[in-house]
Amino acid sequence: MEDFNKNKKQQNFNQIKGVITEISEGEKFCHMTLNVGHENPRFVNGVIKKEFYDQIKDKNKIGDKVTLTFYVSSRKKDDRWRTMVNILTVTPVPEPIGV
């Protein structure tokens, strides 16, 4: 598990579990998209800084089941709110024994 939380004052964050469906690399920021949910599948796209992405890119691939630890931030641009899921950790979900 890689922990990218530089602010140790906040210790509680959100988590979501799903299957990686897309990974895209950018110059400053990269994206990881998960397919989450059971009866109502949906996608969750998170952003991760390039420097942290480089630390985890060889450990994760499309089809892997992972848990993302993240925080949500919003900003207003062009009179519209933009909300981002900022990834702090990517943790593999172990397969159940006997499967």
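Biologist: What does Lys57 count as, judged by its relative accessibility?

Modeller: Start with the scale. Buried means under 20% relative accessible area, exposed means over 50%, and partly exposed lies in between, with a 1.4 Å probe and protein chains only. Lys57 has 33% relative accessibility, so Lys57 counts as partly exposed.

Biologist: What should I know about the model before going on?

Modeller: This is a predicted model: local features need pLDDT of at least 70, side-chain atom pairs count only at pLDDT 80 or more, and totals for chains, interfaces and linings use all residues. Residues are numbered from 1 along each chain as its sequence is written, and side-chain values use heavy atoms, with hydrogens and water left out.

Biologist: How many helices and strands does the protein chain have?

Modeller: Both are DSSP runs, numbered from the N terminus: helices are H or I with at least four residues, strands are E with at least two. The protein chain has 1 helix and 5 strands. Along the sequence the pattern reads β-β-β-α-β-β.

Biologist: What share of the protein chain's residues count as buried?

Modeller: Of its 99 residues, 32% are buried.

Biologist: Which residues of the largest nonpolar core touch the most other members?

Modeller: First the idea. A nonpolar core is a set of buried Ala, Val, Leu, Ile, Met, Phe, Trp, Tyr and Cys residues joined through side-chain atoms within 4.5 Å. The largest one here has 17 residues, and Ile16, Met32, Leu34, Ile48, Leu68 and Val90 touch the most other members. At least two core residues come from each of strand 1 (14-24), strand 2 (29-36), strand 3 (42-49), helix 1, strand 4 (65-77) and strand 5 (80-92). Strand 2 contributes the most, with 4 residues.

Biologist: Strand 2 also holds Thr33. Which residues is Thr33 in contact with, leaving aside its neighbours within four places in sequence?

Modeller: Contact means heavy atoms within 4.5 Å. Thr33 is in contact with Val19, Ile20, Thr21, Glu22, Phe43, Val44 and Asn45, once those neighbours are set aside. Its relative accessible area is 10%, so Thr33 is buried.

Biologist: What joins the side chains of Thr33 and Asn45?

Modeller: A polar contact of 2.6 Å. The term means a pair of N or O atoms within 3.5 Å; within protein, one must be able to donate a hydrogen and the other to accept it, and residues adjacent in sequence count only if both atoms are side-chain atoms.

Biologist: How many salt bridges does the count come to?

Modeller: A salt bridge is a side-chain nitrogen of Lys or Arg within 4 Å of a carboxyl oxygen of Asp or Glu. By this rule there are 4. One of them joins Lys50 and Asp54, with the closest N and O atoms 2.7 Å apart. Both residues lie in helix 1 (residues 50-56), 4 residues apart, about one turn of the helix. Lys50 is buried at 19% relative accessibility, whereas Asp54 is partly exposed at 34%.

Biologist: Which residue does Lys57 meet in a salt bridge?

Modeller: Asp54, at 3.7 Å from N to O. Another salt bridge links Asp64 and Lys61 at 3.0 Å, N to O. Asp64 is buried, with 16% relative accessible area. Lys61 is exposed, with 53%. Shared partners join Glu25, Lys50, Asp54 and Lys57 into one salt-bridge network.
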